[in-house]
Amino acid sequence: MLFDLLAGDFIDDMKHGRGTFTYFFGASYRGDWIEDKKHGKGVFKYANGDRYCGPYVRGFMEGVGVFDYGNGIRHHTLYMYDYIHRCIHVHTLILSFIS
């Protein structure tokens, strides 16, 4: 059986406060909630290994956040309603060396 899971706060059967929500398909969000919507600072981890860390407003990525791709590339990006508005700065590829 597949289901979503929340470890966090509820008010009136809505996610409200801080918590971690794990989606049945493998993604997760850890951060602030207001009235069942992501709102405030949060980290969204995609099932493919990508990760967004930054502000949310009424459920949308909004403002300057950091997007780390699973391949090691990092973008500092300005988001408006979940869409990339402008790429602020692109870091070089992050390499990890195994000794």
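1. Aromatic pairs. The predicted model contains 13 aromatic pairs. Rings of Phe, Tyr and Trp (its six-membered ring) pair if their centres lie within 6.5 Å; planes under 30 degrees apart count as stacked, over 60 as edge-to-face and the rest as tilted.

2. Tyr 23 and Phe 44. These two rings form a tilted pair, with 5.8 Å between the centres and 50 degrees between the planes. Tyr 23 belongs to the loop between strand 2 (14-22) and strand 3 (28-34), and Phe 44 to strand 4 (residues 37-45), so the pair ties together parts 21 residues apart in sequence. Strands (E, at least two residues) are DSSP runs, numbered from the N terminus. Tyr 23 and Phe 44 are both buried (under 20% relative accessible area, 1.4 Å probe, protein chains only).

3. Tyr 52 and Tyr 79. This aromatic pair is edge-to-face, at 5.1 Å centre to centre and 80 degrees between the planes. Tyr 52 in strand 5 (residues 51-57) and Tyr 79 in strand 8 (residues 74-80) are 27 residues apart, and the pair links distant parts of the chain. Tyr 52 counts as buried because its relative accessibility is 0%; Tyr 79 counts as buried because its value is 4%.

4. Charges over rings. Lys 15 lies over the face of Phe 21, 4.8 Å from the ring centre, and Lys 38 over the face of Tyr 29, at 5.7 Å from the ring centre. The criterion is NZ of Lys or CZ of Arg within 6 Å of the ring centre and within 35 degrees of the ring normal.

5. Basis of the values. Residues are numbered from 1 along each chain as its sequence is written, and side-chain values use heavy atoms, leaving out hydrogens and water. In this predicted model, local features need pLDDT of at least 70 and side-chain atom pairs count only at pLDDT 80 or more, whereas totals for chains, interfaces and linings use all residues.

Conventions:
Helix = DSSP H or I, 4+ residues; strand = E, 2+ residues; numbered from the N terminus. Buried < 20%, exposed > 50% of the residue type's maximum accessible area, 1.4 Å probe, protein only.
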